[in-house]
Amino acid sequence: MPRTGSWEWSRSARTRQSMLVAAREVFTAYGFADAGIAEVVSRAGCSVGSLYHHFGNKAELFLALWEEHQSAYEEGSASAVSAAKAEGVSEPLDLFAVGTRAYLLGCWERRDLIRLFTDGGGPAGFEQLRRTRGRDWLRRNSLLLRAGDSAVDRLKVAMLTSAIGEAGREVALCETREQAEEVIEAALLLIRRLGQV
C-alpha cells in the first residue's frame with residue numbers, strides 16, 4: 001500500500017509541475033489577463049479539473065508560478081553565499097556581491113518570467129504580494145550586509161536592493177548571454193561602489 005501512495009504522490013507532483021511549465025509558457029506568451037486556462041491544460045496534457053484541484057483558479061496558478069520563481073532566486077543566492085562562506089569569504093559586501101551575481105544570473109536564466117512579473121499584469125493582490133516580498137528582501141539584505149538601524153543604513157540597503165532589482169530588469173532585456181554578463185559586471189561594480197559609501 002505505501003508503494004501505491006508514493007506512486008500517486010509522485011504522479012501528482014509531476015502533474016503539478018507540468019502545469020507550472022505550461023503556465024509559464026502561456027503566461028509569458030499572453031500575459032496574465034489574456035492567458036487561457038484551456039491552453040494551459042492542453043499544453044500540460046491534463047484536465048481543467050486537475051488544474052483546479054492543484055491550484056484553485058488562474059490567479060492561484062499565476063501566484064504559484066511566481067512563488068516558484070522567487071524560491072529559485074532565494075535558493076540560488078543562498079547557495080552561492082553559503083559556498084562563498086565555506087571558501088572563507090566573510091566581508092559582508094563581498095558576500096552581498098556573490099548573492100547579487102547569483103540573483104542576476106537567475107534573471108538571465110528566467111528572463112521570460114522577469115518580463116512577465118514586471119510587465120505582464122497579474123491578479124488582484126499581486127502588487128501587494130510583491131511589495132511584501134520586497135520588504136522581506138530588504139530585511140534579508142540588511143542582515144547579510146550587517147547594516148545598522150540608522151536612517152542612513154536603511155537608505156543604503158534600500159538603494160543597493162533597488163539597484164539589484166533594476167539591474168535584474170536590464171539583464172532580462174538582454175538579447176545574448178554576453179550582453180547579460182556585461183550588465184551583471186557593470187551592476188556589480190556600481191553596487192560595490194555604492195556599498196563602500
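H69 touches R110, L113, I114 and F117, leaving out residues up to four places away in sequence; contact here means heavy atoms within 4.5 Å. This histidine is found in helix α4, where helices (H or I, at least four residues) and strands (E, at least two) are DSSP runs numbered from the N terminus. H69 counts as buried because its relative accessibility is 4%. The scale behind that word is simple: buried is under 20% relative accessible area, exposed is over 50%, and partly exposed lies in between, with a 1.4 Å probe and protein chains only.

A word on what you are looking at: this is a predicted model, in which local features need pLDDT of at least 70 and side-chain atom pairs count only at pLDDT 80 or more, while totals for chains, interfaces and linings use all residues. Residues are numbered from 1 along each chain as its sequence is written, and side-chain values use heavy atoms, with hydrogens and water left out.

Now step back to the whole chain. The protein chain has 9 helices and 0 strands, so along the sequence its pattern reads α-α-α-α-α-α-α-α-α, by the DSSP runs described above. Taken along the principal axes, its C-alpha atoms fill a box of roughly 55 × 40 × 35 Å. Of the 197 residues in the protein chain, 35% are buried. Among contacts between residues at least 6 apart in sequence, 72% join residues at least 24 apart. The accessible surface comes to about 11200 Å², and 54% of that belongs to carbon and sulfur atoms; these areas come from the Shrake-Rupley method with a 1.4 Å probe, and for residues only the protein chains shown count as cover.

The chain has 25 positive and 26 negative side chains, and the centres of the two sets lie 4 Å apart. Lys and Arg count as positive and Asp and Glu as negative, while His and the chain ends are not counted. Each charge is placed at NZ of Lys, CZ of Arg, CG of Asp or CD of Glu.

Let us follow helix α7 next. It spans residues 126-144, has 19 residues, and reaches 27 Å from its first C-alpha to its last, close to the 27 Å expected at 1.5 Å a residue. The expected span of a helix is 1.5 Å times one less than its number of residues. In α7, F126, R133 and N141 are buried. Why do they share a side of α7? They cover an arc of only 80° around the axis, which puts them on the same side of the helix; the arc is that of the directions from the helix axis to the C-beta atoms. As background, an α-helix has 3.6 residues a turn, so residues three or four places apart point the same way. The buried residues of α7 pack against α4 (58-86), α5 (92-109), α6 (111-119) and α8 (151-173).

L144 also sits in helix α7. L144 counts as partly exposed because its relative accessible area is 21%. Setting aside neighbours within four places in sequence, L144 is in contact with V81, P92, L95 and F96. The C-alpha atoms of L144 and V81 are separated by 9.4 Å, although the two are 63 residues apart along the chain. As for α5, it has 18 residues and reaches 26 Å between its first and last C-alpha, close to the 26 Å expected. α5 is mostly covered, with 13 of its 18 residues buried.

Beyond α7 comes R146, in the loop between α7 and α8. Most residues other than glycine have a negative phi. R146 counts as exposed because its relative accessibility is 59%.

How far should the 23 residues of α8 span? At 1.5 Å a residue they should span 33 Å, and the end C-alpha atoms are 33 Å apart, which agrees. Residues buried in α8 include V157, L160, I164 and V171, and the buried residues of this helix pack against α5, α6, α7 and α9 (177-195). V152, found in α8, is exposed, with a relative accessible area of 62%. V152 and V89 are 63 residues apart along the chain, and their C-alpha atoms are separated by 25 Å.

Finally, look at Q17 in helix α1 (residues 2-34). Q17 is partly exposed, with a relative accessible area of 36%. From Q17 to E182 there are 33 Å in space, C-alpha to C-alpha, and 165 residues in sequence.
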